[in-house]
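Here is a walk through one protein chain. Keep the sequence and the 3D view side by side as you read.

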Amino acid sequence: MSVAGEIRSWTLRQCGVHRRRLAQAPFPGAAVLVYHGVRGDRVPRHAMQGRELHVGVARLAEQCRTIRELCAPISGEDFVAAVTGQRPLPLNAVMVTFDDGYASTLSLALPVLERFQIPAVVFVCPDPVARGVRFWFDAVAERRGEDAVEAMKTLPYGAWLEESRRHEMPALEGDPHRPLSVDELRRLAASPLIEIGAHTMTQPILANASLDRQRDEIVQSQRVLAGWVGTAPRLFAYPNGRPGLDYTADTVAIVRDVFAEGFAVGDTFTEPGQYPGEQRR
């Protein structure tokens, strides 16, 4: 999970202890939780690259139980309806999201979501899915360490793309970092609980790219995903997602031209309309 997701998951755990407090002091907006991959309970946490991004399946189940019992889980459709003024959000609304498009979203997360009947939005990068390779940051972390991942995030788009291709790794069956295949993505999208969102084609830091490159990354991700699952994504998540650092106001303008809503990160709750095109997660 992101730092923002960890903070809000902590809030939810506190809700489990202080039920009365939740009733007396409801959330000041929607809690949008950010997950990435899901780690099987037999996989040691230290064995994962980017281990902070892979929540254990038992912990995910614990959090989903809390959401179901104490909060009001909402779908992407519910959020869009609130953004467009069709209906308000319920009290203590929680929207679950997963970034990137790991295969574990289907194999491990979906059964948990089904058990507790919690909807989720899965923001997918199509390029690694189509080519059957690891996400660039997982490959670089494996070869050079996570400090190298952070350094690459500062490179201009062209240099970053060249470097990421140089460190490319195939995603093999059984690899806990493996992205979904196209067939798996279709199976995931077929669940009535799941909405597929877009996350750019290759997951660059958009602020480091020209506007033409940004538009191509954003628009093509929607088009490719629409071709695979039959429905054009309405929601978008900014890679890395820090407002003013990882994307710009021009990026937001592109997203607002194409999607119903975009999601950034931030250690706060969010209300539809509060940050048009860059809702906080």
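At what angle do the axes of helix 3 (residues 57–70) and helix 5 (residues 104–116) cross? They cross at roughly 25 degrees, and the axes come within 10 Å. Axes here are lines fitted to C-alpha atoms, for helices over the stretch in contact, and angles run from 0 to 180 degrees between N-to-C directions. Helix 3 and helix 5 are therefore roughly parallel to each other, a label for angles under 35 degrees. Helix 3 passes helix 5 in a right-handed crossing: the near helix is turned clockwise from the far one by less than a right angle.

Before going on, note that this is a predicted model: local features need pLDDT of at least 70, side-chain atom pairs count only at pLDDT 80 or more, and totals for chains, interfaces and linings use all residues. Residues are numbered from 1 along each chain as its sequence is written, and side-chain values use heavy atoms, with hydrogens and water left out.

Which residues make the contact? Helix 3 brings V57, L60, A61, C64, R65 and R68. Helix 5 brings L108, A109, V112, L113, R115 and F116. Contact means heavy atoms within 4.5 Å. By class, nine of the residues in this contact of helix 3 with helix 5 are nonpolar, none polar and three charged. Nonpolar covers Ala, Val, Leu, Ile, Met, Phe, Trp, Tyr, Cys and Pro; charged covers Asp, Glu, Lys and Arg; the others, Gly among them, are polar.

L60 leads on to the core. The largest nonpolar core has 47 residues, and L60 and F98 touch the most other members. Such a core is a set of buried Ala, Val, Leu, Ile, Met, Phe, Trp, Tyr and Cys residues joined through side-chain atoms within 4.5 Å. Buried means under 20% relative accessible area (1.4 Å probe, protein chains only). Leaving out residues up to four places away in sequence, L60 touches Y35, V38, V55, F98, A109 and V112. Apart from this core lies another, of 13 residues, including V140 and W160.

The axes of helix 11 (residues 211–229) and helix 12 (residues 249–258) come within 10 Å and cross at roughly 30 degrees. That makes helix 11 roughly parallel to helix 12. Their crossing is right-handed. Their contact has six nonpolar, three polar and three charged residues.

Finally, the whole chain. It has 12 helices and nine strands, which are DSSP runs numbered from the N terminus (helices H or I, at least four residues; strands E, at least two). Buried residues make up 56% of its 281 residues.

Methods. Buried means under 20% relative accessible area, exposed over 50%, partly exposed in between (1.4 Å probe, protein chains only). Angles under 35 degrees count as roughly parallel, over 145 as roughly antiparallel, 65 to 115 as roughly perpendicular and the rest as oblique.
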